[in-house]
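Biologist: I have the model open next to the sequence. Could you walk me through it while I ask questions?

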Amino acid sequence: MRKTNLIIAGSIIFVVALLLGGISYYQATRFNTHIVINDTNVGGLTAEQAMKKLKSSVLKNEVYIGKERILDETDTKLGFTNEDLPSIKKLLEKQRTFFPSSKAVTYTLVPRKEDQYRSQTLKKLVEEKLTSMNQSLKAPQDAQAHLEQSKVTISKSIKGEQYDVAELLKDYEKQEHNSTIRLNTVYAQPIEADDPIVKEEEKKLQDLLGRTIDYKVQNQVYSLKANELIKNASISKDMQYSIDTTDIKNKIAEINSSQSTLNKDYTFKTHLGSVISVKGQTYGWAINIDKETKRIQESFAKGETSLSASNIYGVGYSTYGIGYDNTTNNGIGDTYAEVSISEQRIWIYKNGQLAVTTNVVTGKHVTNEDTPPGVWYIMYKESPSTLEGSSVGNPNYSVKVNYWAPFTNSGCGFHDASWRKNWASDAYVSQGSGCCVNTPSDAMKAVYDNLSQNDPVVVY
C-alpha cells in the first residue's frame with residue numbers, strides 16, 4: 001500500500017512539474033493575453049508571430065479630438081521590419097509573468113526604420129488643422145494690467161473656445177505610433193489676474209507713473225510728469241509699453257506755441273532805441289510736434305530723466321530752425337543786419353557791437369519792388385557772383401557783382417552796384433533796385449566780411 005501511495009505521489013509530482021514546465025515555457029515564448037504594441041494586440045503570440053502581425057498592420061491615420069474626427073488621411077504601414085525582432089523580444093521578456101496574466105498593458109515601439117510620415121507630415125497637418133479651427137473659435141482673453149485715466153487697473157480673464165495647440169501636439173507625440181490618434185480635449189487657458197506676468201505688468205505701469213523728464217527747449221527746462229501726461233497705457237506680452245500720447249502731444253504743442261518764433265512777430269529795438277514789431281519771415285524756428293512727441297514717449301518708456309529738443313525746423317533756404325540758438329534780444333541775438341527803408345541805411349552788428357554802417361538803395365517803390373520787410377536770414381555768400389533774373393522794365397538781366405549775400409528765396413540780398421550813379425536817400429522811390437539792397441562798392445566788402453550765413457536780417 002505504501003508503495004502504491006509513493007507511485008501516486010510521484011506521478012502527481014511529475015504531472016505538476018510537467019504542467020509547470022509547460023506553463024513556464026509558454027510564458028517564456030508568448031505574450032500575455034492583453035498585450036498591445038502600437039495599437040496592435042499581440043496577446044498569445046510569439047515574438048516572431050507578433051513581428052509578422054506588426055509588419056502587416058496598418059496605421060489608420062485618423063485623428064480625433066474627443067469624439068470629433070478632424071483628419072482622415074490615407075492608411076500607411078506601421079513600418080516594422082525583421083530588424084525590429086530583437087526589440088519585440090525585449091518587450092516579451094519585459095511583460096513576462098510566471099503565471100498567465102490578463103492585465104492589459106500597452107507598449108509603444110519605434111521601428112528602427114521609422115517612416116517620417118507620422119513624425120513630420122501628419123503632425124504638420126494636425127497643427128495646421130488645429131490652427132485653422134481656432135480661427136473661427138473664440139480666443140481666451142488674458143487678465144492684463146492697464147493704465148486708465150492715470151490709474152492702474154487689472155482686467156479680468158475670460159475663457160475661450162480655442163484649442164491649446166502646443167499641448168495637443170504633445171499628446172499627439174505620445175500617440176504617434178497608434179493606428180488611430182485620439183487627442184484629449186485641451187483648451188487654451190487665459191492668464192489669470194494673480195499670475196506673476198500680470199503682477200509684473202502692474203509694477204511696470206506704476207513705475208511709469210512715477211517718472212519725470214526734464215525737457216529742455218533752448219534755455220527753458222520743462223518738467224514733464226508721467227502722472228500728468230500719460231492717462232492711458234498698457235504693456236505688451238514682451239513687456240514693452242504702449243502709451244497714449246494725446247496729452248504729451250498737447251503739452252509739446254503748448255510749449256511750441258509759447259516759445260517758438262517761426263511766423264511770429266519779433267520785438268526789435270532799432271539803432272535809434274525805438275522798439276518796433278517786425279514780422280518773422282524765413283527767420284525763426286518751431287518744434288516738429290509729432291516727432292518730439294514720439295521721442296518723449298520713448299524716453300518715458302526707457303526711464304530717461306532728461307531730454308533736449310532736437311526736431312527743430314524752419315523755412316526758406318535751410319529747413320533747420322534758424323535762430324534756435326539765439327536766446328537774447330528777443331530771439332534775434334546780438335549779431336544781425338538792420339535795414340531801414342525809410343532811412344535808406346544799414347547797420348551790421350557783431351556780438352552787440354556796431355561793425356559797419358552805410359547808406360544803401362533798396363527796392364524800387366513805385367513798381368512795388370520794395371525790399372520786403374520782415375526778419376530774414378543770410379542764406380549763403382558768394383564772391384564774385386553773377387545775378388540773373390527779371391525786374392519791371394528789364395525782363396531778363398545778368399549782371400556781375402563782386403559780393404552777393406541773398407536773404408530771401410525770391411532773390412533779394414546785399415550786393416555791390418558799381419553801375420549805380422544815384423545814391424540819394426530818395427533814389428529807391430523811383431530808381432531803386434529790383435528788391436535788393438544796393439550797397440556802395442567802397443563799403444560792400446566790409447558788409448560782406450561782417451555777414452555770416454544764417455545771420456538774421458531785420459528789414460523795416
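Biologist: Which residues are buried in helix α2?

Modeller: In α2, which spans residues 47–56, the buried ones are A47, A50, M51 and L54. They cover an arc of only 105° around the axis, which puts them on the same side of α2. Buried means under 20% relative accessible area, exposed means over 50%, and partly exposed is in between, with a 1.4 Å probe and protein chains only. The arc is that of the directions from the helix axis to the C-beta atoms, and helices (H or I, at least four residues) and strands (E, at least two) are DSSP runs numbered from the N terminus.

Biologist: Before I go on, what kind of model is this?

Modeller: This is a predicted model, in which local features need pLDDT of at least 70 and side-chain atom pairs count only at pLDDT 80 or more, while totals for chains, interfaces and linings use all residues. Residues are numbered from 1 along each chain as its sequence is written, and side-chain values use heavy atoms, with hydrogens and water left out.

Biologist: And α3, which residues are buried there?

Modeller: In α3 (residues 85–95) they are L85, I88, L91, L92 and Q95. These cover an arc of only 115° around the axis, which puts them on the same side of α3, whereas K90, E93 and K94 on the other side are exposed. An α-helix has 3.6 residues a turn, so residues three or four places apart point the same way.

Biologist: What does F31 touch?

Modeller: Leaving out residues up to four places away in sequence, F31 touches I37, V42, G43, G44, L45, T46, A47, A50, I88, L91, L92 and Q95, where contact means heavy atoms within 4.5 Å.

Biologist: Is F31 buried or exposed, and where does it lie?

Modeller: F31 counts as buried, at 2% relative accessibility, and its place is in the loop between α1 (2–29) and β1 (35–37).

Biologist: Changing topic, how does the chain's radius of gyration compare with a compact globule?

Modeller: The chain has 47 Å, but a compact globule of 460 residues would have a radius of gyration near 23 Å; the radius is taken over C-alpha atoms, and the globule rule is 2.2 Å times the number of residues to the power 0.38. Along the principal axes, the C-alpha atoms fill a box of roughly 170 × 50 × 35 Å. There are 11 helices and 29 strands in the chain, and buried residues make up 40% of its 460 residues.

Biologist: Where is the cis peptide bond?

Modeller: The cis bond joins S383 and P384, with omega about -10°, and P384 is found in the loop between β23 (374–377) and β24 (385–391).
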